[in-house]
Amino acid sequence: MINFNIDGVEVRAEEGSTILEAARFYGLNIPTLCYHDELTPYGACRLCMVEVDDGRRTRLVASCLYPVKEGIKVRTQTERVIKGRKLILELLLARCPNSKTLQDLASRMRLEQIRFNMENEDCILCGLCVRMCAEQMGGGAIGFVGRGQNREVVTPFRMVSEICRNCGACMYICPIVDLQCRGVKSPGELCNSCLIMTPQCLEKYGQVMCTLKSCGVCVGKEEK
Amino acid sequence: MKTITTRQELEALRNSLLQQRDPNKPCVRVCVGTGCRARGGLDVLESFKDEIKKQGLEVRVDIRQTGCHGFCERGPVVVIGPKEIFYQTVKPRDVTEIVSKTLLNGEVVDRLLYVDPATDQKILCEHEVPFYKRQTRRILANNGRIDPANILDYISVGGYQALAKAITTMSCEEIIDTVEKSGIRGLGGGGFPTGRKWRLCREAHGDIKFVIGNGDEGDPGAFSDRSLMEGNPHSILEGMIIGAYAIGANQGYLYVRAEYPLALKHLQIAIDQAREYGFLGNSIFSSGFGFDIKINRGGGAFVCGESSALVASIEGRMGEPRAKYIHTVERGLWNKPTNLNNVKTWASVPLIINNGAEWYAKIGTKKSKGTAIFSLVGKVNNTGLVEVSMGTPLKRIIYDIGGGILGGRKFKAVQTGGPSGGCVPEELLDLPVDFERLTEVGSMMGSGGMIVMDQDTCMVDVARYFLDFLQYESCGKCVPCREGIKRMLEIITDITAGRGKEEDLELLQELAEMVKDFSLCALGKTAPNAVLSTLRYFRDEYEAHVRDKKCPGGICKDLIQYFILEDKCTGCGACLKLCPQKAIQGETKKLHTIDLAKCIRCGICRDACPFEAVMVR
């Protein structure tokens, strides 16, 4: 077992486990978008960045990839970390303004504004679907093509894949495409409804359904 | 040819080569590196061959094609030994004169000599030209002296002696100790201590280990790796073999971008020759140590110069970096311990083994030892490859070696380290160049690019240019780099187009700092350097763009106007004829005017005006 310190608490974790795994075990919340328990960590969304002091220097690392080491001091909520996470989320929301997952994160992290030009994309290129297909479904029917701004997830040569079994695992795991936030009326707006509703919406509307695509109960009421 | 199995055999071969070669025999050395080749170096070489044949001098004169001399500005370069007469910008039509005058009669062709612009004096020998005189050439010492496609040339200047010494007389520990003591650091720009890296890799668990030579030089304006690979490929191989022996690797890879066909060709020839002589193979110098090198051609993605992306590319996967919390020396190529060094670092190894760690560490600064190679380009008089000892002040490189700013203009900034480096302003010109000092001022050593900019440069536009390059070259894996660079570029493009808002500068700074902190690999981590350094040193230019909608450098098209000075215009009509928009009116010998509504600010009129009457405001 490895002994280390996380947010001021002395903790233990198995050798080879990551900071994120240890933090979640101890109930600490580190936001993630490209991470899934059953898939190889990828380290692309950079939301899970934490500050690690290894005795020599303090640096920012991706907690989903960084293996715990004896004696390190991890801080998951420093000002530098929070500020960066918020800006990353702001960038992602400018790309996919209607994503419920992103809107929820924005509420939770108290993001106040989006300062960039709006786009209307469906994909944040987190790569969960690619890894899901290859690692869990034994498929490998989809992958990344292109570089930088032209990067996208497609089947080989953009043709109907012979390997794809239409199992739907890629859609199941996608954090973005399926869940659209109903609270956003124009791109660039931050919904924040869920934050306001919980737990008030339970009292006011009798249900908390905002994780469901079809809810939007509060929005509906207001419109009437 | 018999393979060489002992140190004595190598020594004997070298001695016989030196005996065969008369040091007083005239030798024509023509540079056919890429720079000189582009300016007709191959034609010059052919002309020499023809002319010497015509005059029946084949027995009396040697002709040798060499790699880059570094002074590309003055190419094609020809050096006539044994007097080392240095001819520059040689054309095929000059060849007859050179042969008949210099080779036959020992006379000098005056008009082809280099003229020192400072003193107006003609200079006879290469090493007396100020450009070379003030350099400390170690890694590049034999570039321009030897034929890169001939291993015997390399052996005759002492090649493979270090390998023989290392394998036959030194233990692996001793080699690593020597490299560590020399203080050499990764010359690819990272600056990680090479000896420590070797030791970590040697100590890493596993029977199979790899060494990799990184020749994937992707920075615009940098060409030091290319020149080294083209001009002295054996020095890289020798270093890699020594390293592999010390680390315990039996297979090496050279990753070279496919855009460097000449480097690839010369490296392949060198590998074949080294195999033939037994420097690569099963039992090098009868030691039982076997090693071979394979060349991998890169597709030209900038990010593949990053070590983990490079490894992925060799493995046949997409060239994308991974987090290196577990180092490549522990888990690299195919998850085996891998030692990756830049080709310049590898080429330094034989020098360290031959001359000792103390010799190497003698020059340089406290923490950065040895020499650094810069590709000096931009608005300087002498562009080319410059090798100086670490700690040489920028001023010395730009003014003493580079010969100052082109056209006597005013210096504005110098950008070091390629697109990911920062811009260093005039007040920091006395800065001694080494890894630490460059990082302190917000730039970096990087690949050794050094772009000099003069007064007519818009620093906002410079930042925009590099962001544009990086946006295109980002692999797109992590969010800060992919989305962050895109948004920074959007903001800066708005600023250069006159749509900038006051709060944009703050947002730009915030974004740049986040991208620097949160990106996955070195590409993203260093991408904002150009923005951050220009914001730090040239904030007034940003403010001029945003507040006054003016471009002080006169570059940003949306913010400038061309006009003709009344007192200088002679009405010659030069501008009028060339204007693609027909925006210039005026009768012959009378003042011309520019119709601003039609003008597209292409600047052709300014370049065309012989009287400097066209101005920008």
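Predicted model: local features only at pLDDT ≥ 70, side-chain atom pairs only at ≥ 80, totals over all residues.

Biologist: What is phi of B:T89 near?

Modeller: Phi of B:T89 is near 40 degrees, a positive value in a residue other than glycine. Most residues other than glycine have a negative phi.

Biologist: Is B:T89 buried, exposed or partly exposed?

Modeller: B:T89 counts as partly exposed, because it has 17 C-beta neighbours inside 10 Å.

Biologist: And A:L125, what's its phi?

Modeller: About 60 degrees for A:L125, positive although it is not a glycine. A:L125 is in the loop between α3 (100-108) and α4 (128-136) of chain A.

Biologist: Buried or exposed, A:L125?

Modeller: A:L125 counts as buried, with 23 C-beta neighbours inside 10 Å.

Biologist: Now peptide bonds. What joins B:G75 and B:P76?

Modeller: A cis peptide bond, with omega about -10 degrees. B:P76 lies in the loop between β2 (62-66) and β3 (78-81) of chain B. A cis bond also joins B:G81 and B:P82, where omega is about 0 degrees. B:P82 is in the loop between β3 and β4 (85-87) of chain B.

Biologist: Let's zoom out. How many helices and strands in chain B?

Modeller: Chain B has 25 helices and 19 strands. Its radius of gyration is 26 Å, close to the 25 Å that the globule rule gives for 617 residues, so chain B is as compact as a globular protein of that length. The C-alpha trace of chain B spans about 80 × 65 × 40 Å along its principal axes.

Biologist: What share of chain B counts as buried?

Modeller: 55% of the 617 residues. Take the contacts in chain B with a separation of 6 or more: residues 24 or more positions apart account for 72% of them.

Biologist: Helix packing next. At what angle do α11 and α12 of chain B pack?

Modeller: About 55 degrees, with the axes of α11 (residues 233-247) and α12 (residues 261-276) 9 Å apart. The two helices, α11(B) and α12(B), are therefore oblique to each other. α11(B) passes α12(B) in a right-handed crossing.

Biologist: Which residues make the contact?

Modeller: From α11(B), they are B:P233, B:H234 and B:L237. From α12(B), they are B:H266, B:L267, B:A270, B:I271 and B:A274. By class that is six nonpolar, two polar and no charged.

Biologist: How do α11(B) and α14 of chain B cross?

Modeller: At roughly 75 degrees, and the axes of α11(B) and α14 (residues 343-355) come within 7 Å. That makes α11(B) roughly perpendicular to α14(B). Residues that meet there include B:I236, B:M240 and B:G243 in α11(B), and B:W346, B:V349 and B:I353 in α14(B). The classes in this contact are nine nonpolar, four polar and one charged.

Biologist: How many residues of chain A are in contact with chain B?

Modeller: 27 residues of chain A, in contact with 27 residues of chain B. On the chain A side, β4 (58-62) and α2 (79-95) give two or more residues. α2(A) gives the most, with seven residues. That side has 16 nonpolar, five polar and six charged residues.

Biologist: Last one. Where is B:E566?

Modeller: In the loop between β16 (562-564) and α24 (574-578) of chain B. B:E566 counts as exposed, with 9 C-beta neighbours inside 10 Å. B:E566 and B:P425 are 141 residues apart in sequence and 35 Å apart in space, C-alpha to C-alpha.

Key: Residues numbered from 1 in each chain as written. Chains lettered and ligands numbered in written order. Helix = DSSP H or I, 4+ residues; strand = E, 2+ residues; numbered from the N terminus. Rg over C-alpha atoms; globule rule 2.2 N^0.38 Å. Buried ≥ 20, exposed ≤ 12 C-beta atoms within 10 Å, placed from the backbone. Contact = placed C-beta atoms within 7 Å. Axes fitted to C-alpha atoms, helices over the stretch in contact; angles between N-to-C directions. Parallel < 35°, antiparallel > 145°, perpendicular 65-115°, else oblique. Left-handed = near helix turned anticlockwise from the far one by under 90°. Nonpolar A, V, L, I, M, F, W, Y, C, P; charged D, E, K, R; others polar.
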